Amino acid sequence: MNNTAKYISELLYRYECIILPGFGAFLTKRQPAMIQEATHAFFPPQKLISFNSQLQNNDGLLANYIATAENISYTDAVAKIQRYVLSLNNKMASGKRIELENIGAFFTSVENTLQFEPFQDINYLTEAFGLNSFISPSIIREEKVVTTHITREVYKEQVEAIEETTPIVFTPEKRGYRRYMNYAAIAIFGLGLLGSLGLYQVNTSTNLENDRLSIKADKEIENRIQQATFEITSPLPAINLTIVKTEEPSSSVNTETEVNAAISGKYHVVAGAFRIKKNATKKVLKLKAKGFEARLIGVNKYGLHQVVYDSYENRLEALKALQNIKKQQDRRAWLLIHEL
């Protein structure tokens with residue numbers, strides 16, 4: 001049994017164009033809700049289906065869907081579609097009217113052209129699920145004639161009769177009561193205004209204090225970063241100390257040369273900062289032994305000698321090197337941006 005029409009119907013809920021290779025394409029277009037004033041009929045939003053016989057190239061959508069639904073290969077799905085299209089063309093050639101379930105009907109007109117007539121009983125717009133069209137009975141409004149003039153005259157006569165029997169007198173006590181109420185209202189308004197001004201001043205002072213504390217915290221963090229130091233907990237082996245003592249003059253010269261090497265780049269991966277230059281020099285030699293282009297880059301504003309693993313011209317290269325050093329060497333390394 002060939003269920004190609006059923007698969008096309010299922011895909012119309014999700015896509016706007018479904019191509020049946022070798023036959024044509026089914027297109028959908030959204031139509032908003034509408035009202036027919038003549039018949040008082042209300043129609044929900046829906047997808048209108050049309051057919052274009054010029055779009056026949058296989059885009060793979062229908063074939064892949066059939067292969068997944070029936071658990072067959074893509075080649076078998078394409079062959080199944082071809083057999084279905086061949087049966088449709090044979091029926092159309094014999095002049096028969098063919099109907100695709102839940103989609104529409106195809107027939108040949110007197111001009112021998114292919115015609116498509118979509119079914120209207122299915123709405124492929126998922127947003128309008130459960131909404132049906134309906135016809136509302138017409139609403140008839142009755143106009144009431146209001147005799148305003150006559151009603152006004154009747155009320156006037158009633159008021160005059162009441163005033164003749166029961167005159168209305170305003171006593172001084174009632175007038176004084178109204179004055180007290182006016183004063184109370186003015187006092188309440190004044191208190192509200194003063195409260196608003198006080199609240200505004202409190203908010204302003206609070207915001208200023210928060211800004212001051214934020215600036216102070218930023219400066220404290222910067223000071224802690226710049227004052228970071230590293231301690232050498234393990235001494236050099238005895239054999240290394242002996243070699244340094246025997247070649248002390250040349251080592252001193254080499255150290256000064258290496259430390260004061262030409263510095264390029266403004267992005268520096270900092271290894272530590274030391275108050276004693278001798279300790280900073282030892283740190284440089286230790287890093288060079290590990291293969292880094294270590295050097296001294298001068299003294300910061302706190303009087304500390306800064307040692308760097310290396311310096312870079314490119315920010316991305318410096319960040320990448322910093323990440324590797326934190327993983328493999330020391331997680332306390334950090335990046336300094338400074339023109340030397």
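Which strands does helix α8 (residues 277–289) lie across, and at about what angle does α8 run to β12? Helix α8 lies across β10 (267–274), β11 and β12, and its direction is about 30° to that of β12.

The model is predicted: local features require pLDDT of at least 70, side-chain atom pairs count only at pLDDT 80 or more, and totals for chains, interfaces and linings use all residues. Residues are numbered from 1 along each chain as its sequence is written, and side-chain values use heavy atoms, with hydrogens and water left out.

**Figure 1. Overview of the protein chain.** The chain has nine helices and 13 strands; helices (H or I, at least four residues) and strands (E, at least two) are DSSP runs, numbered from the N terminus. Of its 340 residues, 26% are buried, where buried means under 20% relative accessible area, exposed over 50%, and partly exposed in between (1.4 Å probe, protein chains only). The protein chain exposes about 24,900 Å², of which carbon and sulfur atoms supply 55%; accessible areas come from the Shrake-Rupley method with a 1.4 Å probe, and for residues only the protein chains shown count as cover. Among contacts with a separation of 6 or more, 60% are between residues 24 or more positions apart, contact being defined as heavy atoms within 4.5 Å.

**Figure 2. The largest nonpolar core.** This core has 28 residues, of which L20, F26 and F106 touch the most other members. At least two core residues come from each of α1 (4–12), β1 (17–20), β5 (46–52), α2 (61–70), α3 (74–93) and β6 (98–100). The greatest contribution is that of α3, with six residues. A nonpolar core is a set of buried Ala, Val, Leu, Ile, Met, Phe, Trp, Tyr and Cys residues joined through side-chain atoms within 4.5 Å. Leaving aside residues up to four places away in sequence, L20 touches T4, I8, F26, L62, I81, Y84, V85 and L88. A second, separate core of 18 residues includes Y267, V269, Y309 and I325.

**Figure 3. Surroundings of helix α1.** Seven of the nine residues of α1 are buried, and the helix is mostly covered. The buried residues in α1 are T4, A5, Y7, I8, S9, L11 and L12. They pack against β1, β2, β5, α2, α3 and β6.

**Figure 4. Aromatic pairs around F116.** The structure holds eleven aromatic pairs. One of them joins F26 and F116 edge-to-face, at 5.9 Å centre to centre and with 70° between the planes. This pair links distant parts of the chain, with F26 in strand β2 (residues 24–31) and F116 in strand β8, 90 residues apart. F26 is buried at a relative accessible area of 0%, and F116 counts as buried at 17%. F116 also forms a tilted pair with F106, at 4.9 Å centre to centre and with 40° between the planes. Rings of Phe, Tyr and Trp (its six-membered ring) pair if their centres lie within 6.5 Å; planes under 30 degrees apart count as stacked, over 60 as edge-to-face and the rest as tilted. Ring pairs link F23, F26, F51, F106 and F116 into a cluster.

Figure 5. Strands β7 (residues 104–108) and β8 (residues 114–118) run antiparallel and are joined by five bridges; two strands pair if DSSP finds at least two bridges between them. F107 stands opposite Q115 in β8. Five residues lie between the strands of the hairpin, where N112 takes a positive phi near 65°.

Figure 6. The open sheet has the order β11-β12-β10-β13, with antiparallel pairing. Its edge strands, β11 (295–299) and β13 (334–337), each pair on one side only. Neighbouring strands are turned by 45° against each other on average, direction ignored. Axes are lines fitted to C-alpha atoms, for helices over the stretch in contact, and angles run from 0 to 180 degrees between N-to-C directions. Three bridges pair β11 with β12 (residues 305–312) in the antiparallel sense, and L296 has V307 in β12 as its bridge partner.

**Figure 7. The three-stranded sheet.** Antiparallel pairing gives an open sheet in the order β3-β4-β9. Its edge strands are β3 (34–36) and β9 (134–135), each pairing on one side only. Two bridges join β4 (residues 41–43) to β9 in an antiparallel arrangement, and F134 in β9 is the bridge partner of F42.
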